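Colleague: I am new to this structure and would like a close look at a single part of it. Could you take me through one element with care?

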Amino acid sequence: MAPEQTQPSAAGLGPWTDVYLLGGMLLEILTGRPPHTLPTSREAFRHAAVGEVEIPAGSGPAELLALAAVALERDPAR
């Protein structure tokens with residue numbers, strides 16, 4: 001879930017949301033786990049809201065991990 005998807009309004013959604021979600025899928029393909037893996041859905045939702053994503057080093061090709069990291073930036077302008 002992209003950070004902007006945790007907001008009550010859909011005003012912040014856009015193509016950058018899809019980029020974020022693609023980055024999340026790429027990260028899961030490379031590492032075997034989604035970007036927001038926590039014990040409860042409430043914790044995962046809060047984690048997604050602040051946009052904290054840890055990219056584990058050495059869990060795949062460096063170029064693809066870097067691409068996932070850029071796509072998973074909290075700031076859509078980045």
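Modeller: Let us take helix 1, which has 17 residues and reaches 24 Å from its first C-alpha to its last, close to the 24 Å expected at 1.5 Å a residue, where the expected span is 1.5 Å times one less than the number of residues; helices here are DSSP runs (H or I, at least four residues), numbered from the N terminus. This is a predicted model, in which local features need pLDDT of at least 70 and side-chain atom pairs count only at pLDDT 80 or more, whereas totals for chains, interfaces and linings use all residues. Residues are numbered from 1 along each chain as its sequence is written, and side-chain values use heavy atoms, with hydrogens and water left out. The confidence score pLDDT, the predictor's confidence in each residue from 0 to 100, is highest in helix 1, at a mean of 95.

Within helix 1, Thr17, Tyr20, Gly23, Gly24, Leu26, Leu27 and Leu30 are buried, that is, under 20% relative accessible area with a 1.4 Å probe, counting protein chains only. Helix 3 is included in what covers these buried residues, contact being heavy atoms within 4.5 Å. On the side of helix 1, the residues that meet helix 3 include Val19, Tyr20 and Gly23, and their partners include Leu64, Leu65 and Ala68. The residues of this contact divide into ten nonpolar, two polar and no charged, with Ala, Val, Leu, Ile, Met, Phe, Trp, Tyr, Cys and Pro counted as nonpolar, Asp, Glu, Lys and Arg as charged, and the others, Gly among them, as polar. Just after helix 1, Gly32 takes a positive phi of about 85 degrees.

Note on methods: Helix = DSSP H or I, 4+ residues; strand = E, 2+ residues; numbered from the N terminus. Buried < 20%, exposed > 50% of the residue type's maximum accessible area, 1.4 Å probe, protein only.
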